[in-house]
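Could you walk me through the strands and helices of this model?

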Amino acid sequence: MKEFDFIKNYLYRQQKDSDVLLGIGDDAAIVRPRLGWDLCCSSDMLLKDRHFFADVSPADLAYKILAVNISDMAAMGAVPRWALLSAGLPELNPNWLNEFCDSLFTLAKQFGVTLIGGDTTKGDLAFNVTIIGELPQGKALRRDAAQMGDDIWVSGTVGLAAAALNCHWKNIELPDAVFTLCEHARLRPKPRVDLGKALLPFAHAAQDISDGLAQDIGHILKASDVGADIFADCVPTLPALREILDKGVLYDYMLAGGDDYELLFTAPKSCREAVLAAGRMSNTPVTRIGKINDSGRLNLLDANGHHITLTSLGFDHFG
């Protein structure tokens with residue numbers, strides 16, 4: 001199979017989108033933004049042996065490379081609309097490609113995303129997705145918008161992906177049933193698009209948790225020039241992990257493990273009921289885990305108010 005056969009036979013699956021004036025097949029795609037909406041653009045690269053194991057299934061791989069990009073849109077409160085996929089593939093294996101593309105387009109359809117272009121080359125499993133979304137003009141959830149007195153919230157549960165990874169690395173052992181839950185969270189994170197949209201009217205700052213909760217809240221604190229207290233024992237995780245893991249290890253996984261792709265956001269204390277309602281409306285659990293203050297630093301506190309020291313604050317590509 002040749003490159004253009006791959007594009008024609010596997011990637012040219014046009015969804016009906018009246019705002020795509022020209023899709024795959026030309027030198028560039030053409031889309032028409034809607035009046036009164038801002039465009040959000042983001043890009044993520046995933047490399048074999050750095051972001052995923054070489055033996056990952058093509059279905060899980062395709063799901064995750066798109067899901068982590070959709071999650072970036074959720075963190076802005078945006079609706080994902082269009083994506084461009086660039087891929088380095090060692091070979092064009094029809095069975096592998098069928099499984100990969102079926103998974104990719106299933107997730108794209110679920111979130112209303114249209115693939116409008118990209119690039120392919122022969123290489124050792126490397127992927128880059130550029131995603132474009134829309135949100136009402138001037139209404140984005142930004143890192144620099146946290147305010148004094150805000151509550152800090154997180155969606156879903158965190159620490160599961162880190163637990164699964166450390167099980168792969170033989171650092172810990174998990175019962176099969178617990179590992180299965182953690183591995184599913186690692187391979188199939190849930191982009192919280194509906195929650196992000198529901199938070200737009202009242203939430204202040206937000207981002208998704210990719211590199212670790214402590215490191216990612218640090219980005220919000222720096223951009224907003226504020227500090228925060230995070231109450232570690234309030235951070236939601238799988239109950240079984242609390243029973244199995246040493247507390248220090250659990251703190252590391254929950255607060256610095258990353259790969260969770262849950263939403264971390266701030267909102268005024270007066271909006272607590274609105275946040276809970278947004279969680280119910282989007283069928284997403286939300287948990288209050290801390291508060292914004294004027295300390296200028298991040299304080300990680302246990303149930304007794306003692307400061308927690310982590311082995312690291314999160315993932316660093318060059319660390």
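This is a predicted model: local features need pLDDT of at least 70, side-chain atom pairs count only at pLDDT 80 or more; totals for chains, interfaces and linings use all residues.

Residues are numbered from 1 along each chain as its sequence is written, and side-chain values use heavy atoms, with hydrogens and water left out.

Student: In what order do the four strands of the open sheet come?
Tutor: Strands here are DSSP E runs of at least two residues, and helices are H or I runs of at least four, numbered from the N terminus. Two strands pair if DSSP finds at least two bridges between them. The pairing in this open sheet is mixed, and the order is 3-6-4-5.

Student: Why is one side of strand 3 and of strand 5 left without a neighbour in the sheet?
Tutor: Strand 3 (37-47) and strand 5 (114-122) stand at the edges of the sheet.

Student: How many bridges join strand 3 and strand 6, and what stands opposite M45?
Tutor: Strand 3 pairs with strand 6 (residues 126-136) in the antiparallel sense, over 11 bridges. In strand 6, the residue opposite M45 is N128.

Student: Which strands does helix 2 touch?
Tutor: Contact means heavy atoms within 4.5 Å. Helix 2 (residues 58-76) packs on the sheet, and the strands touched are strand 3, strand 4 (79-89) and strand 6.

Student: Which residue in strand 12 stands opposite D229?
Tutor: Strand 9 and strand 12 (residues 298-301) run parallel, joined by four bridges. Opposite D229 stands N299.

Conventions: Axes are lines fitted to C-alpha atoms, for helices over the stretch in contact, and angles run from 0 to 180 degrees between N-to-C directions.
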